Amino acid sequence: MVGVKMATAAAASIRERQTVALKRMLNFNVPHVKNSTGEPVWKVLIYDRFGQDIISPLLSVKELRDMGITLHLLLHSDRDPIPDVPAVYFVMPTEENIDRMCQDLRNQLYESYYLNFISAISRSKLEDIANAALAASAVTQVAKVFDQYLNFITLEDDMFVLCNQNKELVSYRAINRPDITDTEMETVMDTIVDSLFCFFVTLGAVPIIRCSRGTAAEMVAVKLDKKLRENLRDARNSLFTGDTLGAGQFSFQRPLLVLVDRNIDLATPLHHTWTYQALVHDVLDFHLNRVNLEESSGVENSPAGARPKRKNKKSYDLTPVDKFWQKHKGSPFPEVAESVQQELESYRAQEDEVKRLKSIMGLEGEDEGAISMLSDNTAKLTSAVSSLPELLEKKRLIDLHTNVATAVLEHIKARKLDVYFEYEEKIMSKTTLDKSLLDIISDPDAGTPEDKMRLFLIYYISAQQAPSEADLEQYKKALTDAGCNLNPLQYIKQWKAFAKMASAPASYGNTTTKPMGLLSRVMNTGSQFVMEGVKNLVLKQQETDDYRYFDPKMLRGNDSSVPRNKNPFQEAIVFVVGGGNYIEYQNLVDYIKGKQGKHILYGCSELFNATQFIKQLSQLGQK
């Protein structure tokens, strides 16, 4: 992995850093040394759902076993005592988790206890554990108590999300509810800031923070700046000094954290996409790098138009180990289908070669000819046999992607998703439309009611001029006839009116002022922006000048007195407050490809697909 060697590319390998931290924790908080001889210490891992979500995208069951984990169990499940084995706990420091851990101590479930908290535990809760350990005479068994600062989920080398459990607490809807109280908003912001703080502790770097004004992103920035400052000020306990920094201490470049608010662009999360990973997330059940498929057994002699019979469920992990996925997750779908076919052909050729050699080897009798042929072919067969495991792995991946791609293709065909994708691209880039929007909405064969609603919302959001009342009524009638729920539109109307009052929303397409990329602006490259690159993470120049600037390392200072860091940034973390998606992630990956030596990481408070986002808009639009 490049990440370890490139100290300056700290941001490029957050996955690696979090994995190293988890392995150290599973090794009783001693750095895990690869290739160490001898058996690992056998132990059990006890986690809550939060811990499970952090570990599962990073470590496979086999990797856990290699680390000596014989059993991994949920904290709140019925667990039998295993008195001669140490237990490693990895849980959030919540009231109910602490109660259950105290109960484990009282019941003397394990030989010793290594207590690791995903996020920092409060003093009072720590005292509760100490009291329980005293009462259970188990003080000597509690071997270590650690704050791990790992309260975020890494999905890619350059992508992370804050949470999967209880994500409705930090969702777009939670932040934008009209009836939210100040106290509730504080709680939402604190939850987001706690996770971002953990992220930077794991990254081993203190960022420079930029954010848009007057948004939830600004509230996050102010609180994060304060939390980082307080930690840096307490030199004895600072998490950003010396050894904790790992490779970070060689990085002279500090990362830039750009906090953007979901409200600058509500169209992209609704967009029908065309790249592999984003499509899988849009149309299939895909979360935390695992896709669940329902394999149908086809339609068996059933009347025309009947639904195919449901069959068994299958799960596949789409991970960095999967070379095909790594290479093609950002490719347009037709290319993916073609590549699966090519892989299959090359696999068959290799398989035929092994079969041919086997048949030669199987020559009967002891005649001389066979023996001499044997010696020639033994070398070939040996090499063929040694490549068998690789061949079988290749076959497994081909089967996996054939199944996943077929499932995606069924949706594309059934819902005419290619038509939606192309039409929306035209709307968002202000190209002339070749057919009327009403025709697509009214076409009973084109897409689900939700597809139609997504298309119309994109049109409504992107329009410089809102449609007239008469036109809007006509659209609403067509949408209702098509079976659409109009609540999301209700919310978007309010949102658009509000955004207009506050300031112009994000500019889509080629408006009169040449848009500069938010990223190229803040990374000070000064280069003109490729519109197709980061699509709508685009702001006009004056807007980025208006972005607030925080440097937590400056002991005092408000916006104006902070000396601006004039060096171009090598690393940026773009974090969307209010939820993100794979389309934006892919746009950033594509954008940075041509920029040598620069790294961008994408993060969001929650990851949603269009279905989940529309549901939130619908709840917000309810009367």
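Helices (H or I, at least four residues) and strands (E, at least two) are DSSP runs, numbered from the N terminus. The structure is a predicted model, in which local features need pLDDT of at least 70 and side-chain atom pairs count only at pLDDT 80 or more, while totals for chains, interfaces and linings use all residues. Residues are numbered from 1 along each chain as its sequence is written, and side-chain values use heavy atoms, with hydrogens and water left out.

Most residues other than glycine have a negative phi. Lys416, although not a glycine, has a positive phi of about 55°. Lys416 is found in the loop between helix 14 (388-415) and helix 15 (417-428). A positive phi, of about 50°, is also computed for Ser137, again not a glycine. The loop that holds Ser137 runs between helix 6 (123-135) and strand 5 (142-147). Accessibility is classed as buried under 20% relative accessible area, exposed over 50% and partly exposed in between (1.4 Å probe, protein chains only). Ser137 is exposed, at 60%, and Lys416 is partly exposed, at 31%.

An open sheet is formed by 3 strands in the order 10-11-12, with antiparallel pairing; two strands pair if DSSP finds at least two bridges between them. Its edge strands, each pairing on one side only, are strand 10 (285-287) and strand 12 (313-317). Strand 11 (residues 290-294) pairs with strand 12 over 5 bridges in the antiparallel sense. Arg290 has Asp317 in strand 12 as its bridge partner.

The structure holds 25 aromatic pairs. Rings of Phe, Tyr and Trp (its six-membered ring) pair if their centres lie within 6.5 Å; planes under 30 degrees apart count as stacked, over 60 as edge-to-face and the rest as tilted. The pair of Tyr89 and Tyr113 is tilted, with centres 6.2 Å apart and planes at 35°. Tyr89 in strand 3 (residues 82-91) and Tyr113 in strand 4 (residues 110-117) are 24 residues apart, and both are buried. Phe197 and Phe240 form an edge-to-face pair, 6.1 Å centre to centre with 80° between the planes. Phe197 lies in helix 8 (residues 182-203), and Phe240 lies 43 residues away in the loop between helix 9 (216-233) and strand 9 (256-261). Phe197 is buried at 3% relative accessible area, as is Phe240 at 8%.

A charge sits over a ring if NZ of Lys or CZ of Arg is within 6 Å of the ring centre and within 35 degrees of the ring normal. The charged end of Lys227 sits over the ring of Phe197, 5.2 Å from its centre.
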